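Please walk me through this structure.

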Amino acid sequence: MITLENEQIKATFSLSGAELIKLYSKETKLDYLWNGNPDFWKRHAPILFPIVGKLKDNSYLVDNKTFHLSQHGFARDNEFTLVSQSITELVFELSFSEKTLAIYPYKFRLLVAYRLEKNKLETSYKVENVDNKPIFFSIGAHPAFKCPITEETSFSDYFIEFEKDENPLQFSLNKENGLRIETPTEKQLPKELPLNYNLFIEDALIYKNITSKVMSLKSKKHKHGINFECSDWEYVAFWTVNKAPFICFEPWMGAADLETTNQDFTTKDGIIELDINKEFKQCYVVTLF
């Protein structure tokens, strides 16, 4: 395990998946990240790459050749290398290999940086194309935060707060195959969305065109929570499982296949095309209070 620490926050990471596994506030004396109890969900904050969500039949086509990837891709299950470390920042790297080329025919370099500043943790992704052709990918984050945050409260005591009223497109998933249903619906969201497990009966809440730059997890019963800043991501999803004491805030560039997909990876909905010698960057910031 590798630790970053300042006067306000202590964060712990694993080389496996370059995953954040603990996020503790010295000021509030609270843990904010889900502990990974496998009775509910064994992960903490996996990185989704080179796909987000599920593929139809867990397969896709590149130049009419079939490849296979499981849900959310392989980054979360691979060992990263720690390439730099300072008092305030860690940088992890995952690069293409014979193993990845067998299931994903592109040469890439994925850098994941974590940086502490006061009571904030910034997570940054950089994808570099080191191939001799354009590469295609999606990327996303899947951090799970404790909910309830304090022992004397319950899940339904919390709400997601948006900066303003939202009117995004909401996508639904087919529970049988995990694919997105073709036609989204317009959804009016209040500034304060009360949490209850019935919201997640059909799986994740998946929104496109969220305009709030910051979303927060708060409770009316105490003053603690998180601010989650993720501007310029294509999708934002929220997810939990029944009776689980966590809620995931998930910014995505890309999403699960549509049910009507032709499985051509280069035209997949939400796919990113990155030209030779180019790089893609994206980040999100969590503030503890």
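A residue is buried when its relative accessible area is under 20%, exposed when it is over 50%, and partly exposed in between, using a 1.4 Å probe and protein chains only. Asp257 has a relative accessibility of 4%, so it counts as buried. The model is predicted: local features need pLDDT of at least 70, side-chain atom pairs count only at pLDDT 80 or more, and totals for chains, interfaces and linings use all residues. Residues are numbered from 1 along each chain as its sequence is written, and side-chain values use heavy atoms, with hydrogens and water left out.

Where does Asp257 lie? It is in the loop between β23 (246–253) and β24 (272–274). Strands here are DSSP runs of E with at least two residues, helices are runs of H or I with at least four, and both are numbered from the N terminus. Contact means heavy atoms within 4.5 Å. Leaving aside neighbours within four places in sequence, Asp257 is in contact with Lys54, Leu55, Lys56, Leu179, Arg180 and Lys268.

Rolling a probe the size of a water molecule over the atoms shows where empty space is left. The search uses a 1 Å grid over the protein atoms alone. A cavity is a set of points where a 1.4 Å probe fits but cannot get out. A pocket is an open set with protein on both sides within 12 Å along at least five of seven lines. Lining residues have an atom within 4 Å of a point. Grid points are joined across faces, edges and corners, and a volume is the space filled by probe spheres set on the points.

The whole structure has one cavity of 30 Å³ or more. The volume of the largest cavity is about 30 Å³. Sorted by class, that is three nonpolar, three polar and three charged residues. Ala, Val, Leu, Ile, Met, Phe, Trp, Tyr, Cys and Pro count as nonpolar, Asp, Glu, Lys and Arg as charged, and the others, Gly among them, as polar.

The largest pocket holds about 470 Å³ of space. Its lining has 23 residues, and Gln71, His72, Leu173, Asp203 and Trp239 lie nearest the centre. By class, nine are nonpolar, eight polar and six charged.

Now the rings. A pair of aromatic rings is described by the distance of the centres and the angle of the planes. Rings of Phe, Tyr and Trp (its six-membered ring) pair if their centres lie within 6.5 Å; planes under 30 degrees apart are stacked, over 60 edge-to-face, and the rest tilted. The whole structure has 32 aromatic pairs. One of them joins Phe49 and Phe137: the centres are 5.8 Å apart, the planes make 50 degrees, and the pair is tilted. Phe49 lies in the loop between β5 (47–48) and β6 (59–62), and Phe137 in strand β12 (residues 135–137), so the pair ties together parts that are 88 residues apart in sequence. Both Phe49 and Phe137 are buried. They belong to one aromatic cluster, whose members include Tyr60, Phe67, Phe136 and Phe265.

Charges meet rings as well. A charge sits over a ring if NZ of Lys or CZ of Arg is within 6 Å of the ring centre and within 35 degrees of the ring normal. The charged end of Arg180 sits over the ring of Phe171, 4.7 Å from its centre. Lys220 lies over the face of Phe159, at 4.8 Å from the ring centre.

Next, the backbone. Phe49 is joined to Pro50 by a cis peptide bond, with omega about 5 degrees. Another cis peptide bond joins Cys147 and Pro148, with omega about 20 degrees. Pro148 lies in the loop between β14 (144–146) and β15 (158–162). Asn64, in the loop between β6 and β7 (65–68), has a positive phi near 65 degrees. At 74% relative accessibility, Asn64 counts as exposed.

Finally, a link across the chain. The C-alpha atoms of Lys118 and Thr287 are separated by 8.9 Å, although the residues are 169 apart along the chain. Lys118 lies in the loop between β10 (108–117) and β11 (120–129) and is exposed at 58%. Thr287 lies in strand β25 (residues 279–288) and is buried at 13%.
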